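This report looks at a ligand site and at the pockets of one protein model.

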Amino acid sequence: MVIIEASILSADFARLGEQAREAEAAGVDAIQVDVMDGRFVPDITFGPGVVRALRPLVSLPLDVHLMIVEPERHLAAFADAGADRLIVHQETCPHLHRVLQRIRELKIEAGVAINPGTPLSVLEEVLHLADLIQVMTVNPGWGGQPFLHSQLDKIRRLRRLLDERGLDIPIAVDGGIDTATAPLVVNAGATVLIAGSSVYNDQAPLAENVAALRANLH
Ligand code: DX5
């Protein structure tokens, strides 16, 4: 089963609560909260307070994507705010093994994201600590960027690596996921699709965009 997560990065920031509820009503499976600190990526977005505000409004899992340096300093705050999963970037974690252990000690799921330029080899020694691996299909920092087709081969190689080790870890993809690219990434082995600008946009209501994304997967 393919999971669709709505990334609120492209939502109306003046109506985040409503937009999260709309996503739930539209049938998405989780909300991804894109946390940006202006250092790892140029923009600054949300902190634990936004997660805390959203928590009571939706029953969906809140998946927090930490595009921040030193994420280990903020794990407990996001967990306490109600995050169900924390996704850290390998590129910001010199002590990735310890960070993933720490997230699991907080009794929530641990995810690792890798940028387009980061090889799969960096994950070799921590796969057993990951509940999800997020392959960035854009260079992080903005919504609405074009999908990087070069990452399809990485997704296939990652699925093969996990299967060879008997690891049933879902592969998430994030960036440029729309009705055209969703079938490509699913075919490559991804089962969690993070969609921002393809679901939150002016072209059509959220529910229609989510339905179109899901319809294209069969
Ligand atoms: C990194 C962010 C975005 C966002 C999805 O920039 O993580 O990838 O979630 O953005 P779209 O779906 O608009 O490419």
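## Basis of the description

A pocket, computed on a 1 Å grid over the protein atoms alone, is an open set of points where a 1.4 Å probe fits, with protein on both sides within 12 Å along at least five of seven lines, and its lining residues have an atom within 4 Å of a point. A molecule sits in a pocket if more than half of its atoms lie within 2 Å of its grid points.

The model is predicted, with local features needing pLDDT of at least 70 and side-chain atom pairs counting only at pLDDT 80 or more, while totals for chains, interfaces and linings use all residues. Residues are numbered from 1 along each chain as its sequence is written, and side-chain values use heavy atoms, with hydrogens and water left out.

## The ligand and its shell

The ligand takes up the space of the largest pocket. Around the ligand are 19 residues (a heavy atom within 4 Å), and Gly 141, Gly 144, Asp 174, Gly 176 and Ser 197 come nearest. This shell comprises seven nonpolar, ten polar and two charged residues, in a scheme where Ala, Val, Leu, Ile, Met, Phe, Trp, Tyr, Cys and Pro count as nonpolar, Asp, Glu, Lys and Arg as charged, and the others, Gly among them, as polar.

Among the polar contacts (pairs of N or O atoms within 3.5 Å), a side-chain N or O atom of Ser 197 is 2.5 Å from an oxygen atom of the ligand, a polar side-chain atom of Asp 174 is 2.7 Å from a ligand oxygen, and a polar backbone atom of Gly 141 is 2.8 Å from one. The protein buries 99% of the 370 Å² that the ligand exposes when taken alone, by the Shrake-Rupley method with a 1.4 Å probe.

The largest pocket holds about 290 Å³ of space, a volume being the space filled by probe spheres set on the points. Of its 28 lining residues, Trp 142, Gly 143, Gly 144, Gly 175 and Gly 176 are closest to the centre.

The second largest pocket has a volume of about 170 Å³. Its lining has 13 residues, with Ile 3, Glu 5, Pro 61, Arg 85 and Glu 109 nearest the centre, and divides into six nonpolar, one polar and six charged.

How values were computed:
Polar contact = N/O pair within 3.5 Å; in protein donor to acceptor, adjacent residues only side chain to side chain.
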